[in-house]
Amino acid sequence: MAQIKNKPKILIIEDEKFISKAYQVGLAHEGFKTIAAYDGKEGLAMAKKEKPDLILLDIIMPVMDGLTMLKELRGQEWGKDMKVLVLTNSNDQAKTSESAHLNAIDFLLKSEWSIELLTKKINEILNIKD
Amino acid sequence: MKLRTKAVILVSTFIFLLIGGLLLYLDGYLRKYLKDQMINNLRVMAEVSEGTYFAFTENEKIRTIDWSSDGYIRNDTEALLEAIKSGNAEEKDKLTKELSAYLRERKIVYDPKVIIFDILGPTGMVIASSKEDRIGVDEAEEEKRLNAHKFSFAVKAEFGQAFIRPVIFEEDESAEPMTHVVARVFSTKRDDLGKLIPLDAVILLHFTDADKINDMLSGKWAADQGAVSGQALFQKYKTAEIYLVGEDKIMASSSRFDAGSILRQKVDTVPVRNCFENKKEITGEYLNYSGKPVLGSTMCLERDDLALILEVGADEVLAPLKEVSNRLIMAGLLAFLASALTITILSRFLLSGLRKIAMVAGEVAKGDLDIRAEVKGKDEIGQLAKVFNQMLASIQKSQADLFAAEINLREEKDRLNAVISSIGEGLVVVSADYKVMLMNKIAERILEVSYSGIKDKKGDKILTVLKGDKILPFEERPVVQAIRTGKAVFKELSDNYYYQLLSGKKIPVTISTTPLKYGETIIGAVVVFRDITDEKQLDDAKSNFISIASHQLRTPLTAIKLFVEMLNTGKAGRLNKTQKEYIEDVSISTERMIGLVNDLLNLSRIESGKLKSALMLVRIDEVVKSAIDEADVLAKEKKLSLVFKKPKNIIQSNLDADLFRQVIHNLLTNAIRYSTNGKKNDIIVRVEKNGKECIVSVQDFGIGIPDEAKSRLFDRFYRADNAVKADANGTGVGLYTIKMLLNRMGGKVWYESQIGKGTIFSVSIPIIDKIK
């Protein structure tokens, strides 16, 4: 791990507990500090409080879905430039383009992405070299 | 007008003109002939009369010369001239008395025509006279003043010459007009040469003979003398006249009709003028002194300054012509009437056949087709009747055929109506100006209208067409586009069309609009539509299912995938060999499951038409390159290298890059999957332009495709036997997806293959320069 002292903080907003757990465990192994929220509303509150370096955002969620959360986030002064990577299993084209409008970094199909690949992607995003 | 009447009028007119022309010609010819004849006769008679006149005057001259040669007169005159010359008055008086008595008593008594006998002296003075009071009269002066005689000629004349001056009127001499004749007096002695010695004296005889001249000219004199005839002209022609005219254009003999006309009647006519002014004798037709048209002939008696004129009234000369004309007209009229009658009768007989045909035609016009024209005979009319009857028969047959055809047509129409009304879909026919012309029951029911209520109304008065939530402008409606472009327009379920009715009800529909053509002209369109409310619901459910399934299937698979990975990578502690082997198997199965889910979802989206095309101008080589880059990892795993043969020129087209990349991706994954590690480990990708198409081919040197797979190769889920053996992980949807996607993009796919040697898959897509 290159930068143990100053671990990047990743907020995982994912209603599916197993997947959330896998990300938390996997990414922690890869040297990230992970925090988790299980719906959009919770995620929004946590993002405000924790100011993560990156948010991994699911789309289909109870209480508040991912796109609504992203919209609200972008409406906040503190959240308008926050890095967000959308990770979902719904490949709805309309939602893809909407999230692009809301300045999401990318729109990834969860089932296609292993922890290993995801780590690489996150490192790219956060400009971290192995 | 009847044909018969026309024929009669025509022929009668022809005959009338013919006869009329003939009559006019004859009339003109006869008129000219008669005139010429008459004029020639007149000229002959005029010449005869001229001879008569000269003969008559010659007679008077002879009388004068005879008396001038009287010995007593010659001797006494000579003596008297001597006495006057010598101035012996006594002798002169004696001789004058003696001579005058001789003239009075011994001369004029023997010729009653001579009323005065003068002897004129050398100066023209009367020196002796039968009428003694005339002695001393200056006749030279009278010659000068009145041209009463020709003393001046006579006083210088030779013996035997006499000079005549006819038709002189001198009141002091006689109440009647006279003729003066002069002749020189010669001595009884002869000169040395034996010639008569002329005296300077002249005798002047006054003849009262005007009546005689008239009688001579008219032939009366001859009759008086006992001639059997002589006045033929005057007897035949009541208007015939012969008279003399003096230089002063006054009549010099009396008119036949007016005895007192002599020396009174002015005659200033064409022949008189010609005679005295041009010295020309004329013969012809002109107006006489009383303005009546006459035929006449003139003789100019230049010696005596007279014109002799013979005239006959033109009317009288041409009178016989009138009679001839009358007879001719009568004959013509008779001929005309006879021929008119003949043609009338003939035409009635000839045209009776035509009349019958006309009558039959009238009956036919009223609707009786059974009637026939009964005309016999082999002439043209008989032929006509025959043809007419044949025509009637033919019409009768045609009518029967027509009637049968009409029944057929009606049955056909009923059948068609039955078909139209039993079609399970709404059917509306609109005219080229978008008015409703026909509508079946289903259409009435779906659109909630009645045909009778909306007939001839334009479509936009009945419903609104929507695409999704958007109201279509009139010109974008399928029916309008079909009529304007002449091409069929189809709107399927995925096109999301709705009819919004007047009630506001919104019905999802599929629409098929076909232009209706008559030859090359578009006369309307047929619209067939279906209420797809049920399908729509099913489709929505299906979409939801896909959406839900994609999410719900993937979620647990993702969790499995992630935990397997963590086990595999030792994040949950080290695994022993067997565990590791098993977990590897789980990983592979999971990946396969994920791939399967992806393929199925993809497929279902393509099939449902939910896939949205986003056409953009892209470089095809770049799209292919990105697919190659994507597949490169996979290729490397199998130690294969992807070789890209770039096109010479940039190829650009408007297409959906994602869909096209998917096509190339599938080709590449297949090529990688079925390549064998043998001599050649390349996969060659070519991009070429071929006219209006772009062809991309992917060549591998793998297992090849068996012939028996050919017919089913592009079927859904089909996999060839050798493919299953080579790689169990395939799903059998790759080529099917390629085919479906190319169908959408207007492209094609084909291949060449040899078992064990490899395969070339090629796809073509149209190059679209502009987005329509």
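How many residues lie between strand 15 and strand 16 of chain B in their hairpin, and which residue in the turn has a positive phi? The structure is a predicted model, in which local features need pLDDT of at least 70 and side-chain atom pairs count only at pLDDT 80 or more, while totals for chains, interfaces and linings use all residues. Residues are numbered from 1 along each chain as its sequence is written, and chains are lettered from A and ligands numbered from 1 in the order in which they are written.

The hairpin of strand 15 and strand 16 of chain B has four residues between its strands, and B:Gly504 in the turn has a positive phi of about 100°. Helices (H or I, at least four residues) and strands (E, at least two) are DSSP runs, numbered from the N terminus; two strands pair if DSSP finds at least two bridges between them. Strand 15 (residues 497–501) of chain B and strand 16 (residues 506–518) of chain B are antiparallel and share four bridges. Within this pairing, B:Tyr498 has B:Pro508 of strand 16 as its bridge partner. Strand 15 of chain B is also joined to strand 12 (residues 463–467) of chain B, in the antiparallel sense, by five bridges. There, B:Tyr499 of strand 15 stands opposite B:Val465.

Chain B as a whole contains 22 helices and 24 strands. Of its 772 residues, 30% are buried, a residue being buried if 20 or more other C-beta atoms lie within 10 Å of its own, exposed if 12 or fewer, and partly exposed in between, with C-beta atoms placed from the backbone. In helix 16 (residues 478–485) of chain B, the buried residues include B:Pro478, B:Val479 and B:Ile483. Strand 16 of chain B is among the elements that cover the buried residues of this helix, as are strand 10 (426–431), strand 14 (489–491) and strand 17 (521–531) of chain B. Just after helix 16 of chain B, B:Gly486 has a positive phi of about 75°.

Further along chain B, the axes of helix 19 (residues 620–637) and helix 20 (residues 657–673) come within 9 Å and cross at roughly 35°. Axes are lines fitted to C-alpha atoms, for helices over the stretch in contact, and angles run from 0 to 180 degrees between N-to-C directions. The residues of the contact between helix 19 and helix 20 of chain B comprise twelve nonpolar, three polar and two charged. Here Ala, Val, Leu, Ile, Met, Phe, Trp, Tyr, Cys and Pro count as nonpolar, Asp, Glu, Lys and Arg as charged, and the others, Gly among them, as polar.

In chain A, five strands form an open sheet with parallel pairing, in the order 2-1-3-4-5. Strand 2 (33–37) and strand 5 (106–109) of chain A stand at the edges, each with a single partner strand, so one side of each has no neighbour in the sheet. On average, neighbouring strands of this sheet are turned by 20° against each other, direction ignored. Five bridges link strand 1 (residues 9–13) of chain A to strand 2 of chain A in the parallel sense, with A:Thr34 of strand 2 as the bridge partner of A:Ile10.

Chain A and chain B also meet: 17 residues from chain A and 16 residues from chain B take part in the contact, two residues being in contact if their C-beta atoms, placed from the backbone, lie within 7 Å. On the side of chain B that touches chain A, helix 17 (residues 533–568) of chain B gives the most, with 13 residues. This side of chain B has six nonpolar, five polar and five charged residues.
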